[in-house]
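Please read the following report on charged side-chain pairs with the sequence and the model at hand.

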Amino acid sequence: MGIPRHLLCVLAILVLGVGTGWAQEEEDTENNAPPAISDEVFVQGVEVDGEQLFAVRGSTALPAKERAELVAKRIVEVAERSEATSVVMGVERGELGQTIFADGVMVSVTTLADAEFEQMELPVLASLHAEAIEEAILRYRANRTDEAFSQSTLTALAWSAVFAFYCGLLLWLRKRIPRLIAGIVEHRTRGIQEATGDIVQSQAVSNLAKFVIRLLIDIILFTGFYYYLSFVLHSFPNTRPVAALLIRYVTDPIIGLLLGFVGYLPNLITILIIAAIARWMIKGVYLFFESVEQGVIELRSFEDHWVWPTYNLIRGGIILTAAVICFPYIPGSDSAAFQGLTILVGVMVSLGSNSVISNVLAGLFVLYKRSMNVGDRIRVGDHYGDVMQIRLMETYLRSVKNELISIPNATLLSSEVINYSSKIDGKGLLLHTTVGIGYEEPRKKVEAMLIEAARRTKGLKKSPEPFVLVTGLLDFATNYQINAFTTRGSSLPLLLSELHKNITDVFNENGVQIMTPNYEADTPELKISEVDWDAPLAHEAAKAAAQKA
């Protein structure tokens, strides 16, 4: 019997797919080809033993499917009447068209609608139909002889032998290949497991690789069984229609996908060219801004921290432009469903992106006209910390308590930003704190004690010298503010804490009571602590007493 026709089609599509796709596209677009035969409503192919002979047109009175089945039934009836190796064909002109006879039996009528569909003259088309019917009858009879049955049996046995070898090879590979691949994967991932501290388990990765390989082999084995069954059924004429149906279920979609892919190749090549040009442009822009950052290229009035934000903006613009240019070449981009989905997405984005757009615009202002840099210590409202990252949508701070704070750029733009790391005049940041002291204490004494406390605090500058401001005269106390310069803006909480400790120590040493924040009246005893304290704490004293006991 030879190799089945459908198998030849599967093999030929891999070699001739490109030419077929281009030819089909050119025929459809330039020559205005007639409707495809796959339209079962108006056109149906006449099939005998799984082979399509020709197509017939239908009508409302006699649909195409019923007409094709009727013609096929008559052809089989004529073929089964005798075992002769010849058929007497005849074509006569009738009321409906050209009537075709086989061995004196009317088989089919070639109508004017059939000729219009095929774009041929009616007598010529009828003659071709008659030849196809004659060949189908002779082939039907030849396929049912004892010799043909023996040949079909030998073909089925040959396919069985091939499939047995195919199964044996795959089963042999199924036992050995997964183990080999798993061993290689486990060996390669053992180093990753050691580097990640057992987070990535090499055994788990190897088991996954083994499962994937076995799954692929099982899929290949099932596919081979499917086609083996189809080819065996195709070897016998009685089961050939079933075989053709089985092959069509899998082969036709695959061929359709291949033809669709081949037909889409011109658009795909265009998209790849656009993507390649966009990639080259992005690479060129990257090299340009890299040169700007390294000082090879100088741009006047262009600050250093603008380099990579500007690169990201230009890169995003190039990608967006390339996407817009590629849009018409995407499969289905001109369909109503795709356009409707695009409109729906656009409406959703426009309704829900007000805050997003405001943050993006604010992010641009922050990036190009920002009052801080990465690493600066700033205060934004109640948030105080170091700038970790400035992004288009938000800015990340790390608080002094090691907390990650995300501030939207819109909030950052509308709030006051205090930068403790910026250098204005070279003197540094002015650290200050306020204490309240009673009126009975001499002002000069209080100022001297505060300056002494500032001098004892490491991290505060001696020049310019610390100074004291009297910031308020309250009911029971005077507010004194000690001011001292420091260049350690990132250590303000620690410096302020040390300053408070030194103020407490100096005032206790000199027997001066701190009245901050306020109190109602004086008491007979001063509310100050001992100057020198070296006694144990309560739990330490209790522990020592327990040890003595």
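## Salt bridges and burial

Both D386 and R377 are buried, where buried stands for under 20% relative accessible area, exposed for over 50% and partly exposed for values in between (1.4 Å probe, protein chains only). These two residues form a salt bridge, with their closest N and O atoms 2.8 Å apart; the term denotes a side-chain nitrogen of Lys or Arg within 4 Å of a carboxyl oxygen of Asp or Glu.

The model is predicted, so local features need pLDDT of at least 70 and side-chain atom pairs count only at pLDDT 80 or more, while totals for chains, interfaces and linings use all residues. Residues are numbered from 1 along each chain as its sequence is written, and side-chain values use heavy atoms, with hydrogens and water left out.

A search of the whole structure finds nine salt bridges, including those in the table.

| Salt bridge | N to O distance |
|---|---|
| D114 and R67 | 2.7 Å |
| D386 and R377 | 2.8 Å |
| E447 and R443 | 2.9 Å |

The side chains of D114 and R67 meet in a salt bridge. Because D114 belongs to helix α3 (residues 112-118) and R67 to helix α2 (residues 64-81), the pair ties together parts that are 47 residues apart in sequence; helices here are DSSP runs (H or I, at least four residues), numbered from the N terminus. D114 is buried at a relative accessible area of 1%, and R67 is buried at 10%.

E447 and R443 are four residues apart in helix α12 (residues 443-456), which means that about one helical turn separates them. E447 is buried, with a relative accessible area of 17%, whereas R443 is partly exposed at 42%.

Finally, a network of salt bridges links E452, R456 and E509.

Key: Helix = DSSP H or I, 4+ residues; strand = E, 2+ residues; numbered from the N terminus.
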